[in-house]
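Have the sequence and the model side by side, and let us walk through a few places together.

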Amino acid sequence: MTDLLTVLLWWAMVTIFGLAAWPLLFRLFRYLPDRGYSFAKTGGLLAVAYVGWLLGNFGFVQVSPGGALVSLALVAVASALAARGQTWADMKQWWAEHRATVIAVEVLFVVAFAAWAYVRALNPNITFTEKPMEFAFLNSVLRTGTLPPGDPWLSGFAISYYHFGYIIMGMLIAVSGVLPSVGFNLGIALLFALTAVGAFGIVFNLIATVLTRCQQPAANDPQRVAHGQPPITNGAVWPALLGPLFMLTGNFNGALEVLHKAGLFSPAFWAWLDIKWTNQPPVPGGGWMPDRFLWWWQASRVIHDRGLTGAEVEVIDEFPFFSFLLGDMHPHVLGLPFVFLAIAFALNLFLMLSDPDRAVEQGRSVERPDTGWRAWLPLSWPDLLGGALILGGLSFLNTWDFPIYLFVAVAAFTVARGMREGFHVQVWQDAVMLGAQLAIAGIILYLPFYIGFRSQLGGILPNVIFPTRFAQFFVMFGPSLILVTIWLGWLAWRARRQGQRPDWRNGLGAAVVFLIGLIAVNVILSWAIASSNKPQAIEAMSNLLGGSSVAQALPDVVRMRLARAGTPLLLTLFIGVGAAWVFSRRGSTPEPGDDAPAPIHPAAFVAVLVVTGALLAIAPDFVYLRDLFGSRMNTVFKFYYQAWVVWSLAAAFGGWMLWHDLSRWKRAAVGVGVAVMLGLGLVYPALATTTVTDNWRGTTRDANDKHYATLDGMAYMSRDRAADYDAIKFINARIPGRPVMAEAVGGSYTEYGRVSAHTGLPTVLGWPFHELQWRGSGESFAGREDDIRALYSARTWAEAVPILDKYNIRYVYYGSLEANQYGPAGQAKFDQNMLVVYTYNGVTIYERTDK
């Protein structure tokens, strides 16, 4: 099957999945102008995979073509039931009236999917970084069939990691019949397209709501369509493209790389900025195209932490485009399209409660009954179930996302109710109740995942000396940060002009209290560690402080904090302005006969997104989640990633709102400003993609050293690692099931574990540090590395048999890594006592036949 046909096949499959689930989303997202169509493909994947996973845990289906089709059929039946009666008529009417929206969504998806499939074909290699681990999980899902899938790098154990995304991709690969090495790259392209469409959908629904509810209600009258006039929502299509543009642009580091390469600015400037690698003096006259090795990688390391002694500490600050360019199928990438589904749920909730007419229609969401079990439900049970399924799925996809978007949903509920009715006690009680119900239901719906899940996280630690410098923070978030700042300021100014004076006392007061709370938590945790009797914790803190005690380093810590106060102060201002604007709109429930209040502007929902991003960005300046890395690296990575998501959506909507509400000459200024910010951000995608694809020639070469494009992520091995490539093809073609195969054990981010990664067969131990991360301790694999060393090094069969029996090893792989790692002396025992099932080009595969 050619690459073009595989792309068309996946497009057709995902479209069918989306159409099968759309009636369910049409009912759930009934307050969104697009009725969930922008999220149908993502929702279809979630629904079908959830049904398959749930049935698979009880042994009814497998990750196979048959299992996927059964799950698809069940989702289609549920949708048919949901579409009965008036819903089907409403769907047909919506489809007839909103063809422009449908066409926009489909064209955007096709263009994004095809474009990124082409980029992946120019750089398809499944090697380096986390790709071997991700490919191992994907192959294990396909090999295992049953659920939960086995851990390919720890025989006898199931995967202890959030792996729902690999089940989704495995389902698509199984149905399409493509090679897993092709499906891996198709999956990255699919995630890119779903991200583009998801960002478009959120911004479209926000803008369309403004056009239909807040400014021109008569323009959305059905009679417009009857008289041949297009619906007013069509005016949201073009500006909604700002969503994917801001989401998938780069940070300002790409433009800085060009300036550094061109030799501009003084060495003092670059040293002051202190971004890793570009903090060295530039060399004039070197052109403008960055060509330093892995220069594009630097965009994900903009935040540069240094201790009191100047020692560097690694920090990761990825953003979506970098992730897609890197091509790792990691959980934060797998979960990204489903984040937009969660935001859509929160927006639907906000629109349901912020429009008085619709709030009355919802009934139980606002006017709670006094008796019965429904009195305990802030939402109707179908809404609650749908929200729990979406939000709970984030935990299985990328656990960090679950509490973040649970907060967004509850905050949207609280703001909509509070701005409409007033922030009285009942609103807060209902918000707490809703959060608890969504959290509990989300866990119960995915309970089999939690039963076997282990984590490396072990509490909260204080970030004593690593506040983010504002200059680096600005480079990281520049494209959206500037526009969000301007929009917030304009929003407060406009509210004041309209007589809606921002509630600065409560808004800024809450923000300042939050900042003081973070400082207090930091101080208390620091004091608790310094005064504890835990030598490891005290030593770790002392190392960060350059060997000093907390008391000795306190003056230097305070000076550093004050010198780098710009970032937390700006973020506190974001929180305060957003809260002040929301609190300024506190309403009250109208009495019978009174005129209904106007619908609440969707800008309030965007304010929730802005505040959420600010909370995510400010938290790692004071605390971080304890893990095996011993620093805030992973917390910054995960929190900043989602801050990028919500701020990109806010910037896209804010840019449109400024343009829409300002006078003509001010519109021009806004348009130029947005173009400049996007232009500076798009420098990185344009140049980095050129570099990564080897100037658009492709990184894969044939035997004649000729570049060519392919979606097969293993194709490079036929030239660079031919011996393993041929052996792996033999294993995938001739060895069924999941027998244990021994192979050499080595470090993470190396070629070790390559057989299990490319076949899905379980091995005794793959990358040890990764297993430590996934399981939180080394207890489950203690002694395994030593046992494998003993197995390969043993001179006699009698020494090898107990190890083979202990791990139920059926096959032994002997290639160049094994020979180099353990030497050739121990191979004779395998030749004498095991069956040679494969030998070619320096690789021998042995099968045990005596048991």
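Asp274 is buried, because its relative accessible area is 10% and buried means under 20% (exposed is over 50%, partly exposed lies in between, with a 1.4 Å probe and protein chains only). You will find Asp274 in the loop between α13 (267–273) and β1 (305–306). Helices (H or I, at least four residues) and strands (E, at least two) are DSSP runs, numbered from the N terminus. The phi angle of Asp274 is near 55°, which is a positive value in a residue other than glycine.

A word on what you are looking at: this is a predicted model, in which local features need pLDDT of at least 70 and side-chain atom pairs count only at pLDDT 80 or more, while totals for chains, interfaces and linings use all residues. Residues are numbered from 1 along each chain as its sequence is written, and side-chain values use heavy atoms, with hydrogens and water left out.

Now look at Asn841, in the loop between β9 (835–840) and β10 (843–847). Phi of Asn841 is also positive, near 55°, and this residue is not glycine either. Is Asn841 buried or partly exposed? Asn841 counts as partly exposed, because its relative accessibility is 48%.

Next, visit the loop between α6 (131–144) and α7 (164–176), where His163 sits. His163 counts as buried, because its relative accessibility is 4%. A polar atom of the His163 side chain lies 2.7 Å from the backbone oxygen of Tyr161; a polar contact is a pair of N or O atoms within 3.5 Å, and within protein one must be able to donate a hydrogen and the other to accept it, with residues adjacent in sequence counting only if both atoms are side-chain atoms. Leaving aside residues up to four places away in sequence, His163 touches Pro149, Phe396 and Phe449, where contact means heavy atoms within 4.5 Å. Pro148 lies in the loop between α6 and α7 too, and a cis peptide bond, with omega about 0°, joins Leu147 to Pro148.

What about the interior? In soluble globular proteins, nonpolar side chains tend to be buried together. A nonpolar core is a set of buried Ala, Val, Leu, Ile, Met, Phe, Trp, Tyr and Cys residues joined through side-chain atoms within 4.5 Å. The largest one here has 244 residues, and Phe164, Tyr405, Trp487 and Trp647 have the most contacts inside it. Helix α8 (residues 180–215) gives the most to this core, with 22 residues. Apart from this core lies another, of 26 residues, among them Val740, Val745, Val764 and Trp797.

The buried residues of α20 include Val427, Asp430, Leu434 and Leu445. Among the elements covering the buried residues of α20 are α2 (40–57), α16 (336–354) and α18 (381–398).

Finally, find Ile103 in helix α5 (residues 99–122). Ile103 is exposed, because its relative accessible area is 53%. The C-alpha atoms of Ile103 and Val237 are separated by 9.9 Å, although these residues are 134 residues apart along the chain.
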